[in-house]
Every structure is written in structure tokens, then in C-alpha cells.
Amino acid sequence: MTNLTQRTARIFCIANQKGGVGKTTTAINLAAGLAKHKQRVLLIDLDPQGNATMGSGINKNELAHNIYDVLIGTADIKESTVHSETGMYDVLPANRELSGAEIDLVGMDQRERQLKQAINIVADKYDFVLIDCPPTLSLLTLNGLAASHGVIIPMQCEYFALEGLSDLVNTIKRVHRNINPELSLIGLLRVMFDPRVTLQQQVSAQLEAHFGDKVFKTVVPRNVRLAEAPSHGMPGVIYDPGSRGAQAYIAFGAEVIDRVKSTTE
Ligand code: ATP
Ligand code: MG
């Protein structure tokens with residue numbers, strides 16, 4: 001592998017088609033955690049809910065441009081990107097306009113590659129690009145997968161989580177085969193973990209047995225400070241750096257950096 005490849009950003013999407021599993025919390029806090037480790041980060045909000053935007057302290061209702069304009073080609077990625085003062089990373093923001101993109105993209109050539117083409121323009125400005133996916137396996141998520149080197153899957157250790165996981169892993173394999181040969185599963189992140197719940201311990205052990213090294217060592221506990229932070233427009237990692245949740249995401253940032261180093265060296 002050449003030096004050139006290493007200098008351009010590693011692009012990861014945070015995906016799980018299940019709703020409310022901690023994708024956005026992971027995206028925001030990993031972005032802020034990586035920034036704390038002196039990495040240059042772009043966080044892309046690929047969800048019309050705009051939660052990653054708001055949670056980074058950016059008002060989704062007062063945007064000059066947003067990711068929708070970038071996907072349909074009416075604005076470029078540089079003029080649409082804003083800086084999160086609280087998180088110390090850049091954000092390509094979203095709001096509910098993005099829900100129209102599904103329909104607009106269908107008629108376009110290379111409809112699943114629009115995001116990749118946009119990221120290519122700025123990839124050399126960043127060490128990491130993180131994409132917060134919506135809770136669907138839609139054309140938006142497909143754009144995220146087509147643009148990425150890898151997928152990080154946050155999941156709760158619940159019974160039905162394993163069932164949903166096989167759909168997502170199959171989708172990743174299909175995208176790898178048909179659209180993006182660079183795509184791989186980076187890892188599974190256990191979030192909202194409560195070690196007192198026996199079922200969670202069991203599912204966690206099953207995950208380790210099935211996925212081995214693909215399960216990140218860091219486990220993010222259920223921690224109310226992480227849930228409170230977005231209403232203050234900041235990542236939990238910044239809002240209460242000493243909290244158990246923040247500490248976990250800072251450790252997770254270091255683990256992701258290590259994992260990237262070990263695959264590019
Ligand atoms: P969606 O599918 O709607 O995009 P999501 O997968 O992005 O949801 P989040 O929005 O990150 O999930 O989290 C869902 C809820 O759980 C939020 O209210 C969030 O604050 C809370 N939450 C996430 N992680 C934790 C945690 N480790 N401890 C406590 N609460 C958490
Ligand atoms: Mg979300």
C-alpha cells in the first residue's frame with residue numbers, strides 16, 4: 001500500500017437498520033473522541049432526522065446548504081460543510097429536506113455513488129470521515145455504504161439484535177460484491193450495555209463467539225450523561241468528559257485509531 005492511500009481519509013459509516021440503537025450517539029461521540037486524539041474529522045449526517053447535526057450544536061433549521069443539496073448536485077460539499085465548535089470537527093449537516101433525496105436520486109445516473117463523488121473532493125483534508133446512517137436499508141444508506149471503507153455497527157445486546165445483524169451483514173457482503181469492493185465490516189460496538197442484565201451478558205458472549213476480533217473491546221455502558229448531552233448541543237465526550245459514557249467513547253476512539261493503523265501498516 002502506498003503512502004498516498006494512507007494520507008487520504010478513512011471513511012466509515014455507522015449503520016444499523018434498527019432504530020434507536022445508538023448510531024447517532026456513536027457517530028457524534030466517536031467524532032469528538034477522534035478529535036480529542038488530534039484527528040481531523042468530518043461527520044456526515046445522512047439521516048433526515050438531523051440528530052447528528054443538532055447533537056453537534058448546529059441548528060438544522062438554519063442551514064445555508066445541507067447534504068441534500070450535495071447529493072442532488074445543487075451545492076458542493078465544501079460550501080455545505082460547517083464546523084462544530086463544541087465537538088471540534090466538521091459537519092455536513094442534514095434536515096428533513098433530505099427525505100426528498102430518495103425520490104430525486106432514483107432518476108439519476110450513478111445514484112448510489114453521489115456521496116462517494118462528493119467525499120472524494122475533500123478526502124485529503126481529513127483523517128476520518130464518519131457517516132451517520134438512517135435506520136433503514138435505503139438508497140441513502142446505500143450511498144453511505146458505497147462511499148465507505150468500512151462499517152461500524154453499534155448494537156444493543158438484546159435477543160432480536162442478532163437477527164437484524166444477519167440482514168445487515170448480508171447487505172454489506174452484497175455491496176462489497178456489486179458496488180464497492182473496498183467495503184468491509186470494521187467491527188461491532190456494544191452500546192447501552194448493562195452488565196447486570198443476564199441476557200445482555202449472554203448475547204455479548206454469543207457475539208464474541210461468532211464474530212471474534214470483529215467485536216470491539218470497548219463496551220459503551222448505559223449512561224444518562226450521553227443521553228442528556230444532545231439537548232445541550234454537544235457530544236457527551238465534551239459535555240461531561242469524566243462520565244463513564246464519555247470515557248468509553250474516548251477509549252473507543254483510540255481503539256479505532258489502533259485498528260486502522262494495524263490494517264494500513
Ligand atoms: P435512529 O435509528 O432513530 O437514528 P440511533 O440508532 O441513531 O437512532 P441514538 O439516537 O444514538 O440512536 O440513541 C437512541 C436514544 O438512546 C437516544 O435518546 C440516546 O440519547 C440514547 N442513548 C444512546 N446511547 C446511550 C447510552 N450509551 N446510554 C444511555 N442512553 C443512550
Ligand atoms: Mg440516528
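The model I worked from is predicted.

Ligand shell. I found 18 residues surrounding ligand 1, with Gly20, Lys23, Thr24, Thr25 and Asn223 the closest. Helix H2 (23-36), strand E8 (215-221) and helix H11 (224-228) each supply at least two residues of this shell, and H2 gives the most, with three. Sorting the shell by residue class, I noted seven nonpolar, seven polar and four charged residues.

Polar contacts. I looked up the oxygen atoms of ligand 1 and found one 2.8 Å from an N or O atom in the side chain of lysine 23, one 2.8 Å from a polar side-chain atom of threonine 24, and one 3.0 Å from a backbone N or O atom of glycine 22. Taken alone, ligand 1 exposes 630 Å², of which the protein buries 80%.

Cysteines. My count of disulfides came to zero. Cysteine 133 is in none, and the nearest cysteine sulfur, that of cysteine 13, is 4.3 Å away, whereas the cut-off is 2.5 Å. I noted cysteine 133 as buried because its relative accessible area is 1%, and cysteine 157 also counts as buried, at 0%.

Proline 241. I placed this residue in the loop between helix H12 (236-239) and helix H13 (244-264), and I recorded proline 241 as partly exposed because its relative accessible area is 33%. Leaving aside residues up to four places away in sequence, proline 241 touches Lys36, Gly236, Ala246, Gln247 and Ile250. Arginine 225 is 16 residues from proline 241 in sequence and 9.6 Å from it in space, C-alpha to C-alpha.

Definitions and conventions:
Residues numbered from 1 in each chain as written. Chains lettered and ligands numbered in written order. Predicted model: local features only at pLDDT ≥ 70, side-chain atom pairs only at ≥ 80, totals over all residues. Heavy atoms only, no water. Helix = DSSP H or I, 4+ residues; strand = E, 2+ residues; numbered from the N terminus. Buried < 20%, exposed > 50% of the residue type's maximum accessible area, 1.4 Å probe, protein only. Contact = heavy atoms within 4.5 Å. Near = heavy atom within 4 Å. Polar contact = N/O pair within 3.5 Å; in protein donor to acceptor, adjacent residues only side chain to side chain. Areas by Shrake-Rupley, 256 points an atom, 1.4 Å probe, with all protein chains shown as cover. Nonpolar A, V, L, I, M, F, W, Y, C, P; charged D, E, K, R; others polar.
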